[in-house]
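Reader: I'd like to go through this one with you, feature by feature. Could you give me the general idea each time, and then the case at hand?

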Amino acid sequence: MRRRALFLSAPLLWGCANNSLVRFETLEKQAASQDFTAAARYIQKEHDLYGSHSELLYNMDLGVVYHYAGRYDSSIVFLQRAVKIKDALYAHSVTNEAASLLVNDNIRPYRGKNYEITWLHLFLAFDYLALNRFDDARVEVRQAEILLKETRRKAGSDASAYRDDGLFRTTAALIYEALGEKDDALISLYQAVKVYREVKQPVPQALARYAYTTLTANGREDDAKDLNLSAIAPTPDEPSFGGSEIVVVGEMGRSPTLGETQFWGTWVRDGVLVYHYRDADGKEVTDALPAPGLPQSEYEKGRGQRTRSGTTLHVKWAMPALQEVSSQSTTLRVAQGSRVYSGESFADTRDLLRQDLKENHTSVLTRTVIRVVLRTLTAQQTKNALNTDNPLINLLTNIGTDALADQLEQADTRDCFLLPRTLQLVRIPVKPGHYSLELGAENGNGKTLRTETREIDVRAGEKKFVFFTSLK
Amino acid sequence: MTSFSTRISSLAIAAALFSGCGTKVTRVSHDSTIDLSGAWNDTDARLVSEEMVKDCLASTWLQAYGAQKKSPRVVVGEVRNKSHEHISTETFINDIERYLVNSGKVDFVANKAERNELRDEKADQAGNSSVQTRQAAGEESGAEYMILGSINSIVDQEGSKAVVFYQINLELIQLETHKKVWIGDKKIKKFVENSSTKF
């Protein structure tokens, strides 16, 4: 009987070790020291840390790291693999979903967060742009457009849900413009501004200026009006639609990652789970969720008195929470001749990760609570089955079972923390010719952290994309 | 249970567990149609080249040219991929070139990239090959027509279902006059349905 109880409860009490922290601790240091080749070697060597359920993340991490290292061909290989894995994961495995209800969310295949999947295509487009393969970059734009259309459809009227990406739309506009596809470029430009308006974020000034000038100059005054854009005094170096230019993309700072927040609570006899947690300011928050009533065995302990105290169970679990990662690189600086340009942030992964956590909070919490309730029941049954006449052994068994059940409850903290904190753009209109650019990263006090010099050749009407990474 | 039956049961369980492992390869005919993901594949490329060759050989430009009792010289220009998939246009363009050359009605000259490679070789020969075997520069056949084209796609997706429409356009343009003498197109429509659950 005891052996059978142990055998039956083993799979429910089994969990996979959470390796996100191990990965983070090593890769974070390598990213901060800009040693991307070492990071790529580490990822490949420690493939097992990702486990079989995180192949998408493994390939995305490698692709992003190779992109930073300037090895665009290798980056394309791994990012394309990640896209294929994402497509293959469309079908949800009934077995995995059921298993995750018993073990923890880490047993589910990692499908990527919505913004990460958009950025998967964005980074692929960046790789192709770095290699001057504009047709291939357009393929990535088109794939992301299809994806975002579906994301928007699924989001429906949920205003807090991720539905589009302003940076992606801006990049798409530049790619279409470089390919001479005027209408697609203007539509993407309109969409870029619209996304920032929808998510109630300030439209990057350079984008607002360019969108207004370009839309009105091409007979789309109504679009400019609809977006509430107005004439802003142009700067001396304003890019012109279809003109040749150098576009510097700055990948600055390190993205926040996911840690765990502990939740604890009481499962009350009549089917309510009262739980508590500490919010970002350390303040204790109390809330309640409906839960199934306690099993008959628990009532029996209370000798049939449903209202007796003691017919409650204490439960504990963990939820993913945003964990800040400090980095100094805040501003992109580009010097070309006597002119110095400052980068403007078009996207911040902190905002995107925070939005993702908020959007998925209820579904993760519901799934976790169901699991915790099931596991608590199993632990209780295991304790009953292992009950002996020796009070000391019973005490040790109970402590051991509870400790094991607590250990198994791990939050799913998988995320692509190798993405930059902000993506910044600098557009420099130029005449055809050869240019020498000095690219630099500055901290909040204007101190230069690192610089690189790039030699660029630009032909008539060409858009040359240059990528600069500073994760310090 | 006897030890013999225990062993048999263990073997059966092991066989069942390992039956899904390993790679199985089956040879199939090169022109068989196998659709796995719904993405552009060899069958689509084959359908495009077959249709285009048939249309090109039957069109009036070739008959008009045939009256001169010589074959037109054609070069392949850029076939741009404007679709949502990474499609190698080379596969069906090579097929089209092969069919047309083998028909004996059209001559193809090397494309831009190939010409650069050939010129490098000639430059190398000029310094290293004997005078008798050296290939002269400035004797290339100039093309009279250029093939240009594009692949476009439209995707209409909702949930697990998608309708994918491809349109492939090829144009034959007279280099001297920029006159379009032939326009061929091929349309392919697919309905793709993905399962939303699996075991």
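**Salt bridges, burial and the interface**

Author: Let's start with salt bridges: over all chains, the count by this rule comes to 37. The rule asks for a side-chain nitrogen of Lys or Arg within 4 Å of a carboxyl oxygen of Asp or Glu. Before we go on, bear in mind that this is a predicted model, where local features need pLDDT of at least 70, side-chain atom pairs count only at pLDDT 80 or more, and totals for chains, interfaces and linings use all residues. As for conventions, residues are numbered from 1 along each chain as its sequence is written, chains are lettered from A and ligands numbered from 1 in the order in which they are written, and side-chain values use heavy atoms, with hydrogens and water left out.

Reader: What is the general idea behind such a pair, and which residue does A:R138 form a salt bridge with?

Author: Side chains of opposite charge can pair when their charged atoms come close. Here A:R138 pairs with A:E181, with 2.3 Å between the closest N and O atoms. This pair links distant parts of the chain, 43 residues apart: A:R138 lies in helix α8 (residues 134–155) of chain A, and A:E181 in the loop between α9 (166–178) and α10 (182–198). Helices (H or I, at least four residues) and strands (E, at least two) are DSSP runs, numbered from the N terminus. Both A:R138 and A:E181 are buried; that word means under 20% relative accessible area, with exposed over 50% and partly exposed in between (1.4 Å probe, protein chains only).

Reader: Which residues are linked with A:R138 in a network of salt bridges?

Author: The network joins A:D135, A:R138, A:E181, B:R80 and B:K82.

Reader: Is A:D136 buried or exposed, and why?

Author: A:D136 counts as buried because its relative accessible area is 18%. Its salt-bridge partner is A:R133, at 3.0 Å from N to O, and A:R133 is partly exposed, at 35%. You can read A:E452 and A:R450 in the same way: their closest N and O atoms are 2.5 Å apart. A:E452 is partly exposed at 24%, while A:R450 is buried at 16%.

Reader: And how do I read the contact between the chains? How many residues does it take from each?

Author: The size of an interface is often given as the accessible area lost when the parts come together. Chain B and chain A bury about 1,900 Å² between them, 48% of it on carbon and sulfur atoms; the figure uses a 1.4 Å probe and is summed over both parts. The contact (heavy atoms within 4.5 Å) takes 22 residues from chain B and 22 residues from chain A.

Reader: How many salt bridges does the rule find across that interface?

Author: Three. One of the salt bridges in the model is B:E158 with A:R153, the closest N and O atoms lying 3.7 Å apart. On the side of chain B that touches chain A, β1 (73–81), β3 (145–158) and β6 (197–198) of chain B each supply at least two residues. Of the elements there, β3(B) gives the most, with six residues.

Reader: What about chain A as a whole: how many helices and strands does it have?

Author: Chain A has 15 helices and 13 strands. Of its 472 residues, 53% count as buried. Among contacts in chain A with a separation of 6 or more, 73% come from residues 24 or more positions apart.

Notes
Buried area is the accessible area (1.4 Å probe) that two parts lose on being put together, summed over both.
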